[in-house]
Amino acid sequence: MCMADKFPESLPGFQKMFPDDAACAQYLESIRWRDSFQCPKCNVTAEPFRFAARPHQLRCKGCQKDTSLIAGTVMERTHTPLSVWFWAAYLVASLTPSMSAVQLQRQLGLTRYETAFQILHKLRSGMATTSGRIGVKTHVEIDETWVGGETRGKGKGSHNMTCVIGAVEVKQRKVERVKDEHDKRKPRRGGRYAGRLRLAVVPDRTAKTLQGFVEGNVDPATEMAVTDAWSGYSGLARAGYQHLAVAERGEPNVAEDYLPIVHLIFSNLKAWLNGVHHGVSPDHLQAYLNEFVFRFNRRFYPFNAFRSLLGLSVGAEGPTYAELYDGDWQHPITTDGSVGC
Ligand SMILES: [Zn+2]
């Protein structure tokens, strides 16, 4: 059985796919056992006993032992129905970035605010699991930006400005897809597009801090680490990186030519933080960066986002296909990607 062909693009579509707890349980079963249930206790392959009141539990007909479909997922040890979890993960993954517990409670018709809060908290915890270094076989653009600083009533200035550093894989389309002058998919930004992203709040712009971020997040095997000429990056070559330091000298065109993707991401990030969150306090900023990175890295793979949130898979950051990406990604994530199973 293969239910993971296409992520539903609408709420009715999702409802049709997962109408009740039994359907959710069937999905969990299908991603664990492609063909048929095999008891992890005695290895017998046979249709198990099922229980209408406990759809997440299967009982082996051979050894009579129970196997839980939600062990090891965020749903483990909760009494919330599977369908509520699935709906919540769908909403968080695809529809509403940064949904509040009150909104979730309302959308799902939950009687208790605490239930919505707990679900949201558990789903969000899955967003912080980004790990590993990016950049093998690609260029990586690295830069810093200032976030925040527009305190209402105080005017613009440096109030509460927080420094954020970003590193993003930059890939190059091999074939230019210009078919005719009306083709809207003309390559922009020289045919460059973004792969995976990393973002972090940093306390300062010293070499120790910036180089520490790069060494923790960018693989030394990257084809080229591109930065501006700030002295904080001057040790990268010594640290084993192919490093291109671009002197902007106050000319914005230079930055646009050499660091276009990371700048585009910074501008999307700021629009998202300001528009959706009405600004974010420095204390909570890293959690929002994690959410932004989580969504960005799975923007063509909402089903991966959905499964990651429920704890059904690990390391599911999707690769990026140029064919799907025109360089103008915006929040919220698109739902036109699909993932095979
Ligand atoms: Zn068994």
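Leaving aside neighbours within four places in sequence, which residues is Leu289 in contact with? The legends below take up this and other views of a predicted model.

**View 1. The contacts of Leu289.** Beyond its neighbours within four places in sequence, Leu289 touches Val164, Leu199, Ala200 and Val201. Leu289 is also listed among the residues with the most contacts inside the largest nonpolar core.

**View 2. The largest nonpolar core.** This core holds 41 residues. Val140, Val168, Val214, Ala225, Ile265, Leu289 and Phe292 have the most contacts inside it. Strands S4, S7 (162-172), S8 (192-202) and S9 (224-228) are among the elements that each supply at least two of its residues. So are helices H6 (207-217), H8 (260-277) and H9 (282-297). H8 gives the largest share, eight residues. In soluble globular proteins, nonpolar side chains tend to be buried together.

**View 3. Helix H6 and its buried face.** Four residues of H6 are buried: Leu210, Phe213, Val214 and Asn217. Viewed down the axis of H6, these buried residues fall within an arc of 95°, so they line one face of the helix. They pack against S4, S7, S8 and S9. Lys208 and Gly216 are exposed, on the face of H6 turned away from the buried side.

**View 4. Arg77, a non-glycine residue with positive phi.** The phi of Arg77 is about 60°. Arg77 sits in the loop between strand S3 (66-68) and helix H3 (82-95). Is this residue buried or exposed? Arg77 counts as exposed because it has 8 C-beta neighbours inside 10 Å. Most residues other than glycine have a negative phi.

**View 5. Lys137, another non-glycine residue with positive phi.** Here phi is about 65°. Lys137 lies in the loop between helix H5 (113-125) and strand S4 (139-147). Lys137 has 11 C-beta neighbours inside 10 Å, so it counts as exposed.

**View 6. The whole protein, for orientation.** The protein has ten helices and ten strands. Of its 341 residues, 33% are buried. Among contacts between residues at least 6 apart in sequence, 62% join residues at least 24 apart.

Conventions
Residues numbered from 1 in each chain as written. Predicted model: local features only at pLDDT ≥ 70, side-chain atom pairs only at ≥ 80, totals over all residues. Buried ≥ 20, exposed ≤ 12 C-beta atoms within 10 Å, placed from the backbone. Contact = placed C-beta atoms within 7 Å. Core = buried A, V, L, I, M, F, W, Y, C linked by C-beta atoms within 7 Å. Arc of directions from axis to C-beta.
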